[in-house]
Amino acid sequence: MQPQAGADALTAVATEIGAQVGIQEAEAFLVAHPEIHFIDLLIADMNGIVRGKRIDRSALAKAFEKGIALPASVFALNIQGTTVEETGLGLEIGDADRICLPIPGTLTVEPWQKRPTGQLLMTMYELDRKTPFFADPRYVLQRIVERFKDLKLTPVSAFELEFYLIDQENITGRPQPPRSPMSGKRPNSVQVYSMDDLDEYAEFLEDVIEAAHEQGIPADAIVAESAPGQFEVNLHHVDDPVKACDFNVLLKRVIKNVAYDHEMDTTFMAKPYHNQAGSGMHLHVSLVDGEGRNVFAGDAEQPNDMLRWAVGGLVATMNDAMALFCPNINSYRRFSPEYYVPSPATWGVDTRTASRRLPGGDPEALRIEHRVAGADANPYLLMAAVLAGIHYGISNRIEPPPVTVG
């Protein structure tokens with residue numbers, strides 16, 4: 001048997017085993033949830049927007065065994081949902097299908113649905129069901145994560161996600177904050193970290209956290225941000241960057257649907273109001289070795305070689321990755337000096353004016369906070385770009401520019 005033929009045979013066996021394990025997962029889920037009638041099969045597009053199909057419970061086992069067909073043009077859609085034909089994934093190939101297979105361990109309940117419904121994350125493959133589809137952002141990230149095995153390091157990461165609550169009725173086509181469920185008043189002041197604002201929307205925010213936990217999403221804190229109706233949800237760090245992005249995508253869906261149940265809408269636009277703060281997607285990253293030790297640990301004022309080189313790589317690659325950090329025209333409206341949105345390729349210690357911040361606190365938990373991307377970025381591509389920059393810096397021992405102070 002030729003080497004490639006042998007590899008293909010092993011892949012086929014692994015695929016078959018995975019399908020059988022998935023079918024067992026599906027059967028156990030349906031037994032545990034006899035009330036479930038439908039399952040949403042979900043895949044995140046190039047904008048991080050969830051697409052997919054809704055199937056009857058009777059088709060769940062088949063979805064694990066055979067997958068489902070979706071057009072490759074899912075990854076050629078712009079933010080308005082229109083196919084960008086220049087990608088070559090639309091009419092040029094006849095809007096042809098590829099196969100989406102389930103991601104094990106992502107089968108959960110959608111707690112906001114009035115009709116009991118489940119959900120399952122998918123990822124796209126070629127028609128052979130063995131070759132990952134090159135344009136799937138999840139696969140792009142997986143390839144970057146693989147590089148860290150050569151360094152014998154594992155990325156640990158967490159997201160902070162900002163968003164706005166908005167009224168379901170806009171004024172002359174423009175968004176406005178929703179009326180408080182408690183007071184009936186429409187907020188118009190800026191009270192960052194306000195506990196009163198949290199109280200005003202307490203039921204919605206509590207439902208978000210409860211729904212997230214019911215789906216296994218590690219959301220652990222909510223704060224009122226720098227504008228009326230703006231909030232931030234923090235996700236707990238995990239040692240699997242792909243899973244961290246899965247949590248991010250699913251958390252957005254939780255927030256949108258729970259808000260709708262509370263008769264409010266949400267927006268993850270980077271800059272929905274010209275005179276208010278933008279919404280960012282801050283990413284915290286550290287690296288651990290084979291014994292689970294943080295290789296960045298130490299004094300932030302005098303960062304060790306690994307941390308310094310990682311920062312150097314991020315600074316060196318920032319311009320090349322801006323289209324991933326800021327994928328839309330609106331993304332660039334967020335960059336305003338008075339709103340803590342740094343645009344130069346800088347770094348600093350415990351300063352929110354730097355695009356790469358080394359937070360103060362526990363030296364053992366020292367990490368890099370990447371502050372450039374807006375909430376409209378695709379989390380998989382954001383993570384891939386950040387990890388690629390870190391890997392480049394460490395592999396080439398890139399020294400960063402002088403630290404930014406003040």
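User: A cavity is a set of points, on a 1 Å grid over the protein atoms alone, where a 1.4 Å probe fits but cannot get out. Going by that, how many cavities of 30 Å³ or more turn up in a search of the whole structure?

Analyst: Heads-up: this is a predicted model, with local features needing pLDDT of at least 70, side-chain atom pairs counting only at pLDDT 80 or more, and totals for chains, interfaces and linings using all residues. Residues are numbered from 1 along each chain as its sequence is written, and side-chain values use heavy atoms, with hydrogens and water left out. Grid points are joined across faces, edges and corners, and a volume is the space filled by probe spheres set on the points. At 30 Å³ or more, the search gives a count of one.

User: What is the volume of the largest cavity, and which elements give two or more residues to its lining?

Analyst: Its volume is about 70 Å³. Lining residues (an atom within 4 Å of a point) include Ile43, Ala44, Leu121, Met122, Asp136, Arg138 and Tyr380. By class there are seven nonpolar, no polar and three charged residues, where Ala, Val, Leu, Ile, Met, Phe, Trp, Tyr, Cys and Pro count as nonpolar, Asp, Glu, Lys and Arg as charged, and the others, Gly among them, as polar. With helices (H or I, at least four residues) and strands (E, at least two) taken as DSSP runs numbered from the N terminus, the elements giving two or more are strand 1 (38-44), strand 6 (117-125) and helix 3 (137-147).

User: Strand 11 spans residues 281-288. How many of its residues are buried, and which residue stands opposite leucine 283 in strand 14?

Analyst: Met281, Leu283, Val285 and Leu287 point one way, His282, His284, Ser286 and Val288 the other, and all are buried, so eight of eight are covered. Two strands pair if DSSP finds at least two bridges between them, and strand 11 pairs antiparallel with strand 7 (residues 154-166) over eight bridges. Three bridges join strand 11 to strand 14 (residues 368-370), also antiparallel. So the tally is eight buried residues, and the residue opposite leucine 283 is histidine 370.

User: Where is alanine 96, and how far is its C-alpha atom from that of alanine 72?

Analyst: Alanine 96 is in the loop between strand 3 (68-71) and strand 4 (97-102), and is partly exposed at 25% relative accessible area. Leaving aside neighbours within four places in sequence, alanine 96 is in contact (heavy atoms within 4.5 Å) with Pro71 and Ala72. Alanine 72 lies 24 residues away along the chain, and the C-alpha separation is 6.3 Å.

User: Is glutamate 263 buried or exposed, and what is its phi?

Analyst: Glutamate 263 is in the loop between helix 6 and strand 10 (265-267). Its relative accessibility is 64%, so it counts as exposed. Most residues other than glycine have a negative phi. Glutamate 263 has a positive phi, about 60°.

Conventions. Buried means under 20% relative accessible area, exposed over 50%, partly exposed in between (1.4 Å probe, protein chains only). On a 1 Å grid over the protein atoms alone, a cavity is a set of points where a 1.4 Å probe fits but cannot get out, and a pocket is an open set with protein on both sides within 12 Å along at least five of seven lines; lining residues have an atom within 4 Å of a point.
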